[in-house]
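User: I am new to reading protein models. Can you take me through this one in short steps?

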Amino acid sequence: MRPSANDAVGRALRAGPAPRRAEAAAAAEATERLLRRIAREELADVTYGSVDSPFGTLHAAVTPRGLVRLAFPEETEPAMVEELARRISPRVVRSPEPLERLERELDEYFSGRRRSFSLKLDWRLIGPFARRVLTRTAAIPYGSFSSYGEIAAEAGSPRGARAAGNALGANPIPIVIPCHRVLHTGGGLGGYGGGLERKRFLLELEGALEG
Amino acid sequence: MSESNPPFQVFLDQNRDAVWRFLVSSVGPSEADDCFQETFVSALRAYPRLRPGSNLRAWVLTIAHRKALDCHRGRARRALPVAGVEALDTRSPYAQADTAQPADAELWGAVRELPPRQRSAVVLRFLADLAHREIAAAIGCSEDAARRSLHEGLQKLRAQVAA
């Protein structure tokens with residue numbers, strides 16, 4: 001539905017008060033100031049950003065409680081943001097600053113200088129059973145591994161190797177919650193949400209597998 | 001949940017230019033930033049309670065309209081000294097840079113001089129492409145009153161620019 005007046009005044013009004021490009025730049029700057037204020041005053045429920053890694057650009061989301069989501073590059077940012085809005089709160093905004101602490105810890109981890117993460121985690125995307133499984137998983141030391149059966153047993157479900165596998169596959173915070181450290185009992189790699197090549201890469205990085 | 005409202009960032013990306021244009025036209029570039037911040041902070045606070053499938057563009061321009069009114073009231077209270085600011089506004093790079101239309105600064109100066117309801121009706125219609133019904137919702141009046149405000153505003157602008 002277009003505005004009705006087609007005389008000179010109508011056309012000038014529609015053209016807007018300023019050169020569009022300068023205006024778009026000004027709106028973009030105002031948006032950055034807004035995002036910094038939202039961050040400073042903690043007005044959003046979820047903040048997201050991206051982090052470089054040997055796997056490419058990871059997408060990450062934090063809440064006031066901690067890191068809630070880490071996504072591999074092929075999970076696109078819009079898809080992750082939609083999911084966060086649906087499952088946590090529609091008050092999701094982009095972080096105006098790099099997610100510095102996460103970036104530093106991941107850098108250190110990928111260069112072999114860090115064996116565990118000290119980031120606080122927000123577990124709210126993880127259901128009760130998955131939480132037992134992933135809590136056990138988080139306790140597997142750097143450089144070693146466990147099996148689906150063992151993890152299931154430790155989570156109180158001795159016959160639930162498959163269920164444990166599903167919970168691990170749906171881990172919303174891979175790498176940091178080290179679901180890559182759970183393998184088949186016979187020594188097979190099993191599965192990995194981010195693809196088996198990455199699982200092998202991480203296990204070799206940690207020295208759990210021969211390169 | 002398929003018709004739920006988009007994530008706030010998506011909403012912000014989709015509406016920031018329209019809100020910015022509306023505010024620059026309503027209060028001038030130097031006050032637009034404050035109003036812009038206030039508009040989206042209010043929107044963020046209310047966002048989770050918003051009905052799914054709402055007309056988000058009309059909703060956020062409603063908020064912007066109110067913030068612009070607050071800004072005008074504040075300016076009126078501050079009285080005389082701001083006359084200078086007002087004059088500066090129309091000479092800012094924004095108002096002036098469009099050399100293709102030399103009357104641009106004059107026209108937008110005239111828009112800012114319109115009574116608030118007429119100004120909002122004109123700006124919402126031409127810059128934000130809202131229908132009469134949406135303009136009415138945004139400024140809180142009947143559709144007829146919105147149509148009338150728009151008409152009167154345009155008449156005044158035509159007279160002023162022709163003069």
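Analyst: Start with a definition: two strands pair if DSSP finds at least two bridges between them. Strands (E, at least two residues) and helices (H or I, at least four) are DSSP runs, numbered from the N terminus. This is a predicted model, in which local features need pLDDT of at least 70 and side-chain atom pairs count only at pLDDT 80 or more, while totals for chains, interfaces and linings use all residues. Residues are numbered from 1 along each chain as its sequence is written, and chains are lettered from A and ligands numbered from 1 in the order in which they are written.

User: Which residue in β2(A) stands opposite A:Ser50?

Analyst: β1(A) and β2(A) pair in the antiparallel sense over five bridges. Within β2(A), the residue opposite A:Ser50 is A:His59.

User: Which residue takes a positive phi in the hairpin of β1(A) and β2(A)?

Analyst: This hairpin has six residues between the strands. The positive phi is near 110°, and the residue that takes it is A:Gly56.

User: What is the strand order of the open sheet in chain A?

Analyst: Strand β2 (residues 58–63) of chain A runs antiparallel to β3(A), joined by five bridges. Strand β1 (residues 46–51) of chain A runs parallel to β4(A), joined by three bridges. The edge strands are β3 (66–71) and β4 of chain A, since each pairs on one side only. With mixed pairing, the four strands have the order β3-β2-β1-β4.

User: Which residue is the bridge partner of A:Val46 in β4(A)?

Analyst: Strands of a sheet pair through backbone hydrogen bonds, either parallel or antiparallel. β1(A) and β4(A) run parallel. In β4(A), the partner of A:Val46 is A:Val92.

User: Are α5(A) and α7(A) roughly parallel or roughly perpendicular?

Analyst: Axes are lines fitted to C-alpha atoms, for helices over the stretch in contact, and angles run from 0 to 180 degrees between N-to-C directions. Angles under 35 degrees count as roughly parallel, over 145 as roughly antiparallel, 65 to 115 as roughly perpendicular and the rest as oblique. The axes of α5 (residues 128–138) and α7 (residues 161–169) of chain A come within 9 Å and cross at roughly 80°. So α5(A) and α7(A) are roughly perpendicular.

User: How many residues of each class make the contact of α5(A) with α7(A)?

Analyst: Two residues are in contact if their C-beta atoms, placed from the backbone, lie within 7 Å. Ala, Val, Leu, Ile, Met, Phe, Trp, Tyr, Cys and Pro count as nonpolar, Asp, Glu, Lys and Arg as charged, and the others, Gly among them, as polar. The contact includes A:Phe129 and A:Leu134 of α5(A), and A:Ala163 and A:Leu168 of α7(A). By class, the count is eight nonpolar, one polar and no charged.

User: At roughly what angle do the axes of α8(B) and α9(B) cross?

Analyst: Among the residues in this contact are B:Ile135 of α8(B) and B:Leu150 of α9(B). The contact divides into six nonpolar, one polar and three charged residues. The axes of α8 (residues 132–139) and α9 (residues 143–162) of chain B come within 8 Å, and they cross at roughly 95°.

User: What gives the most residues to the side of chain A that touches chain B?

Analyst: 35 residues of chain A are in contact with 40 residues of chain B. α1 (8–15), α2 (20–40), α3 (77–87) and β4 (92–94) of chain A each supply at least two residues of that side. With eleven residues, the one that gives the most is α2(A).
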